Protein chains: 2
Amino acid sequence: MELLLSNIPPLRFSNKNTLSCFDDLFHKAEGLRIASGYISTDALAELKNIIEMNKKSYLELIIGMHGFDGFTKSQYEAAKYLDGFLRENNAGGVKVAKAFRFHGKLYSFLKNDAPFAGIIGSSNLNSIFDSQNTYETDLFLKEKSIVSEIDSFISALSKKASVPLSEAEIRFIEDKNKLLEGHDGVEKIGKAELAEAMSNRSRISFEIPVKSDDTPRSNLNVYFGTGRRNKRGLIKPRPWYEAELIVPKSITKRRGYPRAGYPKRESIITVLTDDGWKFKCKISGQNSKNFRSADDLKILGRWIKGRLENSGFLKVGQPVTGEILRNYGRDNIKLTATQDPSVWILNFGA
Amino acid sequence: MELLLSNIPPLRFSNKNTLSCFDDLFHKAEGLRIASGYISTDALAELKNIIEMNKKSYLELIIGMHGFDGFTKSQYEAAKYLDGFLRENNAGGVKVAKAFRFHGKLYSFLKNDAPFAGIIGSSNLNSIFDSQNTYETDLFLKEKSIVSEIDSFISALSKKASVPLSEAEIRFIEDKNKLLEGHDGVEKIGKAELAEAMSNRSRISFEIPVKSDDTPRSNLNVYFGTGRRNKRGLIKPRPWYEAELIVPKSITKRRGYPRAGYPKRESIITVLTDDGWKFKCKISGQNSKNFRSADDLKILGRWIKGRLENSGFLKVGQPVTGEILRNYGRDNIKLTATQDPSVWILNFGA
């Protein structure tokens, strides 16, 4: 039994944290049973990849709250994507709690069909894969009797109180305009603030192409790349929403483009978006070619891919293709300078 | 170490559940340290009373998420009410996490200033006092080392990562129209459904007085009553939102009033409210004098007291008085029949 604490200042302890503990146990396990009150698009897409890349043989996932509170379209697409993968491979599936709102967070790790460890606490699946600086408190358990009690409970929850995703009645909730709601490092701005920035626009602007290369290494499709292997040999997939823009030299060399290197090897600018978000971006790399969100690569990716998802043309698990961009109606992002050299406007409105 | 599971069919086990375990430990404890990601108005109001009624000497509460996600006005009033009580009695206080969003749920029970038991898991404070049929999974711990680790962590969270409620910058979130949102047994109805019921009104209607008696036993002010003593001697306070209407005989004897006793000792009607909610009410008692929400006494109370709170005239911890009703602008609730004898309209619009 060990207390698992997030590792966020000013409360860093020598304790294991839930993320590293999950990774270690996942690496050792052949299969998992998970019951999580809440899930996120990201977490489900990553779970699919981490299972596949590390050749795990079994996952049973029960989603506890969304059967009552509703799914966003992209959460549901992600759940279908994971469920489809598991069922095709005869490797488990995704279920939805139906008898009651299930708010618990339980993880059971299996080897030779028997549970050898468990985690109980406050971490929903989104905190495991998409943590965003929220402090969680969990308990890591390896004592045999409690470990099998947790595993049996998840099985009972699955069999007696849940239905397969494909048979669940799904209520959809609106996710438009909630794209970056509550995201660390992102502020929602009012119409007045955006209008003021618009009225301060200078004549300098650039149309950055959104590369729709279907290859795995494309800048919007890193999710389909190979992942990264950690010290112990566990392959960690790249997040569904991770993305950056690679800006051609023909654009970055033009007068007024925000260059990397003043005063450091990178420059940070504040961007205001046409749909009312404000976050920091980082210009870096040779010829200033890399355009990324500053704090978290997923912010820019969520903004771009989330809009494609909201339009209905991109589904979780599909690469961004030229056809999707044509259907969406736009294949570039306009970056416009304002009178304040640190503030820029980004437009990806279709 | 014991797994705590909610006791909701079809998953009833012989396990202790979090509610009864909390009550037992609370009864034995002299003081508590609690860190809860989320809280509710109800839970804080009850916590104040249960501490006071059972003469506990210490409570430190850290609210983990609302410093970032915002408080509703009534949540903040309830936190101030609890904090004020604790500080006046030199018995602890309420703090708000500031260094990061704290999503954990930890309970530490103290005797002679030392922790003797703890609970960790998915139960926020609102699940302990206001459970609403959500299934939770927690772990009850009495092993010395983990119990003191949890207690020390809550202390560190309080000292290093939190600020006193009175020094916290509070962001308020709108709670209008969310009065009964997501509440078990309550449906939100559209304008069309309400308009249809309105067009089906019959000529029968009754103005039920909202009794504003300031005495503790008044029907809107049961919170100020004496509470109930359980088998072990723990005094359990009545919920802040518990309420019923006592309808005078002069009204219930009139033609068309929905009488108790057909076909049973009580009658159940469906009510649609002027502000768009739908729930069931129960008519019972001698001369059909009791008018309550059917599934949960707090539904009707939330609807009445929540509107008084939203108006700004009622604050958590105050009894509903004649003056508050005068300020609100209405001291009766109009019950109107429709062509469907099981459907009625309730109006408390000021």
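This is a predicted model: local features need pLDDT of at least 70, side-chain atom pairs count only at pLDDT 80 or more; totals for chains, interfaces and linings use all residues.
In chain B, helix α2, which spans residues 41–53, packs with helix α4, spanning residues 73–88, at an angle of about 15 degrees, and the two axes lie 8 Å apart. Because angles under 35 degrees count as roughly parallel, α2(B) is roughly parallel to α4(B). The crossing in which α2(B) passes α4(B) is left-handed. On the side of α2(B), the contact is formed by Thr41(B), Leu44(B), Leu47(B), Lys48(B), Ile51(B) and Glu52(B), which meet Ser74(B), Gln75(B), Ala78(B), Ala79(B), Tyr81(B), Leu82(B), Phe85(B) and Leu86(B) of α4(B). Divided by class, the residues of this contact between α2(B) and α4(B) comprise 9 nonpolar, 3 polar and 2 charged.

A corresponding description can be given for chain A. There, helix α2 (residues 41–53) and helix α4 (residues 73–88) have axes that come within 8 Å and cross at roughly 15 degrees, so that α2(A) is roughly parallel to α4(A). The crossing of α2(A) past α4(A) is left-handed. Residues of α2(A), namely Thr41(A), Leu44(A), Leu47(A), Lys48(A), Ile51(A) and Glu52(A), meet Ser74(A), Gln75(A), Ala78(A), Ala79(A), Tyr81(A), Leu82(A), Phe85(A) and Leu86(A) of α4(A). In the contact of α2(A) with α4(A), 9 residues are nonpolar, 3 are polar and 2 are charged.

In soluble globular proteins, nonpolar side chains tend to be buried together. In the model, the largest nonpolar core holds 81 residues, and the members that touch the most others are Leu47(B), Leu125(B), Phe279(B), Phe291(B) and Trp303(B). Helix α4(B) supplies the largest share of this core, with 7 residues. A second, separate core contains 80 residues, among them Ala43(A), Val96(A), Ile128(A) and Leu314(A). Leu47(B), which belongs to the largest core and also takes part in the contact of α2(B) with α4(B), is in contact with Ile34(B), Leu59(B), Leu61(B), Leu82(B), Leu125(B) and Phe129(B) when neighbours within four places in sequence are left aside.

Attention was next given to backbone geometry. Most residues other than glycine have a negative phi, and most peptide bonds are trans. In chain A, the peptide bond from Pro9(A) to Pro10(A) is cis, with omega near 5 degrees, and Pro10(A) is placed in the loop between β1 (2–5) and α1 (18–28) of that chain. In chain B, Pro9(B) and Pro10(B) are likewise joined by a cis peptide bond, for which omega is about 5 degrees, and Pro10(B) is found in the loop between β1 (2–5) and α1 (18–28) of chain B.

Positive phi values occur at residues that include Lys55(A) and Asp113(B). Lys55(A), although not a glycine, has a phi of about 55 degrees; this residue lies in the loop between α2 and β3 (58–63) of chain A. Because exposed means over 50% relative accessible area, Lys55(A), at 73%, counts as exposed. For Asp113(B), also a residue other than glycine, phi is near 60 degrees, and its place is the loop between β6 (105–111) and β7 (114–121) of chain B. With a relative accessible area of 77%, Asp113(B) is exposed.

Two further positions in chain A were examined for their surroundings. Gly276(A) lies in the loop between β16 (267–273) and β17 (277–284), and its relative accessibility is 8%, so it counts as buried. Not counting residues up to four places away in sequence, Gly276(A) touches Glu187(A), Lys188(A), Ile189(A) and Leu194(A). The C-alpha atoms of Gly276(A) and Glu193(A) are separated by 8.8 Å, although these residues are 83 residues apart along the chain.

Val343(A), by contrast, is placed in a strand, β20 (residues 343–347) of chain A. Val343(A) is buried, with a relative accessible area of 17%, and, neighbours within four places in sequence left aside, is in contact with Thr270(A), Leu272(A), Ala337(A) and Thr338(A). From Leu110(A), which is 233 residues away along the chain, Val343(A) is separated by 51 Å between C-alpha atoms.

Terms used:
Residues are numbered from 1 along each chain as its sequence is written. Chains are lettered from A and ligands numbered from 1 in the order in which they are written. Side-chain values use heavy atoms; hydrogens and water are left out. Axes are lines fitted to C-alpha atoms, for helices over the stretch in contact, and angles run from 0 to 180 degrees between N-to-C directions. Helices (H or I, at least four residues) and strands (E, at least two) are DSSP runs, numbered from the N terminus. Angles under 35 degrees count as roughly parallel, over 145 as roughly antiparallel, 65 to 115 as roughly perpendicular and the rest as oblique. A crossing is left-handed if the near helix is turned anticlockwise from the far one by less than a right angle, and right-handed if clockwise. Contact means heavy atoms within 4.5 Å. Ala, Val, Leu, Ile, Met, Phe, Trp, Tyr, Cys and Pro count as nonpolar, Asp, Glu, Lys and Arg as charged, and the others, Gly among them, as polar. A nonpolar core is a set of buried Ala, Val, Leu, Ile, Met, Phe, Trp, Tyr and Cys residues joined through side-chain atoms within 4.5 Å. Buried means under 20% relative accessible area, exposed over 50%, partly exposed in between (1.4 Å probe, protein chains only).
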